[in-house]
Amino acid sequence: MPSPASSTATASDKAERYADTRRRIDALLDGPTDWVSAMATVACELHHSFDHYDWTGFYRAVSDDELLVGPYQGPHGCLHIDVDRGVCGAAARTRETQLWPDVSKAPDHIACQSSTRSEIVVPVLTPNDALLAVLDVDSDTLGAFDPTDREHLEALCRDLGAQFGDTELAQFGDTELR
């Protein structure tokens, strides 16, 4: 079901699209599942619900200073990101959402895809404030993300952090094995 680009959708239309997408995600994650399967499901559902989502996925926290690419939809992503660099690193470091209508204005932006024009990155935190991952959504459209995107993606990530808060970083492998 296609969606209008963020710049032309009303906040109400977009909120309704998020509510529909969230209902599907919640139904799919109802019952036993693991964190990797959940990330794959969320990335897929979000990516195919919004036309302005050109790269949608997770970067997993594998240590205090490194994120590794997790399940995603779209062209290839960066394999690893140091938390002291870029928009994803800033979200991991500050544990706050990063919303950039124009990534060319973001200090130290990492261009995994040269076509990316705007980005939103939301940390996924456990109830104890441990970082599980960041949800990264890129768009090839300037100004694609707004407070409606932020509100709904933050709510989703809060719930994922609560649901998968007992996930251990060790489950994802030792970064020395790369």
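## Helix packing and cores in a predicted model

H1 and H4 cross with a right-handed geometry. The crossing counts as right-handed if the near helix is turned clockwise from the far one by less than a right angle, and left-handed if anticlockwise. Helices (H or I, at least four residues) and strands (E, at least two) are DSSP runs, numbered from the N terminus.

This is a predicted model, in which local features need pLDDT of at least 70 and side-chain atom pairs count only at pLDDT 80 or more, while totals for chains, interfaces and linings use all residues. Residues are numbered from 1 along each chain as its sequence is written, and side-chain values use heavy atoms, with hydrogens and water left out.

**Helix pairs**

Two packed helices are described by the angle between their axes and the distance between the axes. Axes are lines fitted to C-alpha atoms, for helices over the stretch in contact, and angles run from 0 to 180 degrees between N-to-C directions.

| Pair | Angle | Axis separation |
|---|---|---|
| H1 and H4 | about 20 degrees | 9 Å |
| H2 and H4 | about 165 degrees | 12 Å |

H1 and H4 are therefore roughly parallel; the cut-off for that term is under 35 degrees. On the H1 side the contact (heavy atoms within 4.5 Å) involves Ala11, Lys14, Ala15, Tyr18, Arg22 and Ile25. H4 answers with Thr148, Asp149, His152, Leu153, Ala155, Leu156 and Asp159. By class, this contact has seven nonpolar, two polar and four charged residues. Ala, Val, Leu, Ile, Met, Phe, Trp, Tyr, Cys and Pro count as nonpolar, Asp, Glu, Lys and Arg as charged, and the others, Gly among them, as polar.

H2 and H4 are roughly antiparallel, a term for angles over 145 degrees. Their crossing is right-handed. Trp35, Val42 and Leu46 of H2 touch Leu153, Leu156 and Leu160 of H4. Six nonpolar residues make up this contact, with no polar and no charged ones.

**Cores**

The largest nonpolar core has 26 residues. Such a core is a set of buried Ala, Val, Leu, Ile, Met, Phe, Trp, Tyr and Cys residues joined through side-chain atoms within 4.5 Å. Buried means under 20% relative accessible area, exposed over 50%, partly exposed in between (1.4 Å probe, protein chains only). Trp35, Val42, Leu46, Tyr53, Phe58, Leu153 and Leu160 have the most contacts inside this core. Helix H1 (11–28), helix H2 (35–49), E5, E6 and helix H4 (147–163) each give two or more residues. H2 supplies the largest share, six residues. A second, separate core of 17 residues includes Val69, Cys88, Leu125 and Val134.

**Helix H3**

H3 is largely enclosed by the rest of the structure, because seven of its nine residues are buried. These are Gly86, Val87, Cys88, Gly89, Ala90, Ala91 and Ala92. They pack against strand E1 (55–63), E2, E3, E4, E5 and E6.

**Loop residues**

Arg95 follows H3. Its place is the loop between helix H3 (86–94) and strand E4 (98–100). Phi of Arg95 is positive, near 60 degrees, in a residue other than glycine. Arg95 is partly exposed, at 31% relative accessibility.

Asp129 also has a positive phi, about 70 degrees, without being a glycine. Asp129 lies in the loop between strand E5 (118–125) and strand E6 (131–139). At 42% relative accessibility, Asp129 is partly exposed.

Leu79 sits in the loop between strand E2 (66–73) and strand E3 (80–82). At 64%, Leu79 is exposed. Beyond its neighbours within four places in sequence, Leu79 contacts Leu67, Leu68 and Val69. The C-alpha atoms of Leu79 and Leu68 are 5.8 Å apart, across 11 residues of chain.

Conventions
Parallel < 35°, antiparallel > 145°, perpendicular 65-115°, else oblique.
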